[in-house]
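Please open the model in your viewer and keep the selection panel at hand. The stops below are meant to be taken in order.

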Amino acid sequence: MKLFVSEGNPYCLKVLAALELTGVKCDVQYVNHEEKVVQFLNHPALPALLLPAGQQLFSANAICRYLFEVSGQNYNDHCNQWLEWEVTVLQPALLRALRTAVLQGKGSDVSQILQSPLNFLDQSLLKGSKPYLTGEAISVADIVLWGALHPILSDSSFTLGEHNSVKTWFDQVAAVHSCQSAVKKVLQGKGLQAMKSYMQRQPAPQNSQCRDAQPCNNNPAESEERQHFVSEEECEAAALAWNKGLSSCPAPDRQHPILPQEGKRNVLVTSALPYVNNVPHLGNIIGCVLSADVFSRYGRLRGWNMLFVCGTDEYGTATENKAREEGLTPQQICDKYHAVHSSIYSWFQIDFDFFGRTTTEKQTEIAQNIFWRLHKHGYLVEDTVEQLRCENCQRFLADRFVEGTCPHCSYPEARGDQCDKCGRLINAVELRDPQCKVCRQTPVIRSSKHLFLDLPKLESQLEQWLEKSTSTGDWTTNAKQITHSWIRDGLKPRCITRDLHWGTPVPHPDFKEKVFYVWFDAPIGYLSITANYTSEWEKWWKNPLQVELYNFMAKDNVPFHSVVFPCSLLGAQDNYTLVNHLVATEYLNYEDTKFSKSRGTGVFGDMAKDTGIPSDVWRFYLLYVRPEGQDSAFSWADMAMKNNSELLNNLGNFINRAGMFVTKFFEGCVPVMELQREDKELLAVVGWELQQYIQLMDKVKIRDALKHILNISRHGNQYIQVNQPWKKIKGEESERLRAGTVTGVAVNIACLLSVMLLPYMPLVSQTIRDQLNAPQSCVYTMLQGSGTFVCSLSAGHRIGTVSPLFQKLEAEQIEALKKRFGGQQAPLQSTPSTPAAAPAAAIKVAAVERLDSEKAEQLVKAVAEQGDKVRALKAQKAEKDVIAAEVSKLLELKTQLALAEGKNLEPTSKKGKKK
């Protein structure tokens, strides 16, 4: 590897510090500011990193992230959020500050320019109460932000004032030897003056529009330059691809049963089987079935041969207890709640190829076959087990019906099989102060003979397989970490039998009174459910050379899918298909607490449709906050903000305007398009966003890919706003032709968005295509290969009836829903008890503490910019309907800002303001 840097370039500070801190071996070459290291860019870009395979990174942040990653220091979602904030908020402010201080000599103005970002940084550090941005150890986020801020904060003329938390953090990072070394190399002891030559060569800062088009923060090639500097070659290539139009290939025919095919990418997708007697809450839905559904829909668009199966896990003590509570048999309980689950997933538009259940003859047949094969090959051992028995309930207690204090971390609500806090597996008898969760009595210990899967005997086989699967497949970081911790601690024999009645019977004559333990039995449900779907199920499950297996789940299910179940299949020695890609989410919380059916806290699947909010909006928001790298939280205020800003004002506004222009100005037919340089540049940018979307979706970065859809609609809105087709249509012939081109390009972007949205919002996607009367082939053309944006609605194409796609979520509606689902909330962190009726002011303060500060800052700027636009239109004496439309947008932005700032939204007067 070779790193190219230049002296006096502030962006080189962070990369040199990261290089020394990580210890990555790399040659460093100093060049002048004008050196064109990255040949395919039409402007100099430093720093730049030449990778061994010939690729080049030319974004300072991307280089820093790469160095940390190759050194084995993984970064989490919190880290990514800081990097995105640095690019989208801090850097634009710093560029203005540096120009002001270095080129204009107005150092006194710098404090005002940086006031807002420093306030946010200071509050975040204070609230986090950690020495570094993301925790106890220095991370790539600390290096990146320190490098960005160092030229200003280290200058003697600048004082941090009351930003004490920033000062403490900055001094701590600046004291690191690698940072001190980077400062000496780049600034040569000259401070800000060392940067003068570099700054003189930089263009004046762009306006705020650039911050709306940032690439996804998880994409290692992210670079603000690529958003604003598109080469002539890229523009021409984009125009050439555009002119190819749609392919004439017929749409794939989804015929059942779906079986693996020679020469195709055969993908088998499973979602963790939901336990039958629990109504799934939003966290369950996003962690398993919704994520798997999005990926399956996407795979079908890519032309992969997909099979998506799931079903209810129905055996175990929990079902017996539920049956007793409701006065039904266990089978009746399973039948009842299987229907509940099916109804919920149907409303959420989960498009299973087959949704089955585990209480079937196929389950018994396959589970017992695997058992006998394990027995034959010597992977089962007998042992006597001490178990907890509740004398009050007169039964041995299943692990999840025992609760107590974790013996490892002292978490007081650990279950009998696993601690949710530290993630360690537990034998129920190890719990301190155990309680029966049914009657809250203290259970007693009793002995019973059981069968165990000999995991230590399978450990070497497991490790060999894991090394291959985790290195070639897309395993999430948490899945790899959890699995590694299991292996590191050494595997122990795992009990596979239980003293229960409701379960798959153990066929061994010495254990005929027992059933299989749920975590031996339940994953076999994937196989039996497939077997109930097709008699040729073995073509999927005993075909590892032709089939790729994706498992979707929450992180608490990882060990059973990465260790226990694979060991069962390896030990069976029957050529089973093992997981290639294990995709695990973190946890989704509800506001500042946990979901709880008993406390009435949170939204459960059977309640969502009663809110009046469409299922596609629920899907969108859950995917927007999908806990990919760390726990996230559902928030009513945030859901309203994302609906009203991203869906209504961004995505919906663009698609509706594009369609309405065709209807209003061109009698419903797409006009002739004569592309100019500006149009080709837009095609190139949109094409780039499409390629990033595909790269991320291929890697199951579902939440991050969604941001590129929203970026494209932002590009489209800006394109329309700059070109103003509603004005040009009234001008000369050349202007009317220009209005037609802009309208035609915009409506084609809307068509592309409908395709990209299909995995996320299938009903909205179909509605857009219906309104545009889009040909079916558009769905399967643009996502092929690395992604191609083509003209799918050519000149003369007649569109359908255009209407708004989304509705505003009003503050009163959201407040009512928040109260309805608030229950008697118990905060995640223990806090002193408070009176039942908290003062309104206290409630407001709590709400403000949960603000999305970054969003609020963006809205403040957006309100100011929109206000300037309205004033300019009035000064130009623009048409009343144009002014009215922009005033409406201004009022909407102000409403969003009030919501973001936690203000009570009073009903507004119908009368407009007069000047």
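Predicted model: local features only at pLDDT ≥ 70, side-chain atom pairs only at ≥ 80, totals over all residues.

Begin with the four strands E1 to E4, which form an open sheet in the order E2-E1-E3-E4 with mixed pairing. Strand E2 (27-30) and strand E4 (56-57) are the edge strands, each of them pairing on one side only. If you then select strand E3 (residues 48-50) together with E4, you will find that the two run antiparallel and are joined by two bridges; Leu 49 has Leu 57 of E4 as its bridge partner.

Next, select helix H11 (residues 282-301) and helix H22 (residues 615-624), whose axes lie 10 Å apart and which pack at an angle of about 100°. Because angles of 65 to 115 degrees count as roughly perpendicular, H11 is described as roughly perpendicular to H22. To display the contact, show Leu 282, Ile 286, Leu 290, Asp 293, Val 294 and Arg 297 on H11, and Trp 618, Arg 619, Leu 622 and Leu 623 on H22. Colouring this contact by class gives seven nonpolar and three charged residues, with no polar ones.

From there, step back to His 281, in the loop between strand E5 (266-271) and H11. Is His 281 buried or exposed? Its relative accessibility is 18%, and since buried means under 20%, His 281 counts as buried. Beyond its neighbours within four places in sequence, His 281 is in contact with Phe 595, Val 603, Phe 604 and Gly 605.

Return now to Trp 618, one of the residues that touch the most other members of the largest nonpolar core, which has 183 residues; Phe 295, Ile 370, Trp 636, Tyr 693 and Tyr 760 are the others named with it.

For the last stop, select helix H12 (residues 317-326), which is largely enclosed by the rest of the structure, because seven of its 10 residues are buried. The buried residues are Thr 317, Ala 318, Thr 319, Glu 320, Asn 321, Lys 322 and Ala 323, and they pack against helix H13 (330-347) and strand E9 (395-396). Just after H12, Gly 327 takes a positive phi of about 70°.

How values were computed. Residues numbered from 1 in each chain as written. Heavy atoms only, no water. Pairing = 2+ DSSP bridges. Axes fitted to C-alpha atoms, helices over the stretch in contact; angles between N-to-C directions. Parallel < 35°, antiparallel > 145°, perpendicular 65-115°, else oblique. Contact = heavy atoms within 4.5 Å. Nonpolar A, V, L, I, M, F, W, Y, C, P; charged D, E, K, R; others polar. Buried < 20%, exposed > 50% of the residue type's maximum accessible area, 1.4 Å probe, protein only. Core = buried A, V, L, I, M, F, W, Y, C linked by side-chain atoms within 4.5 Å.
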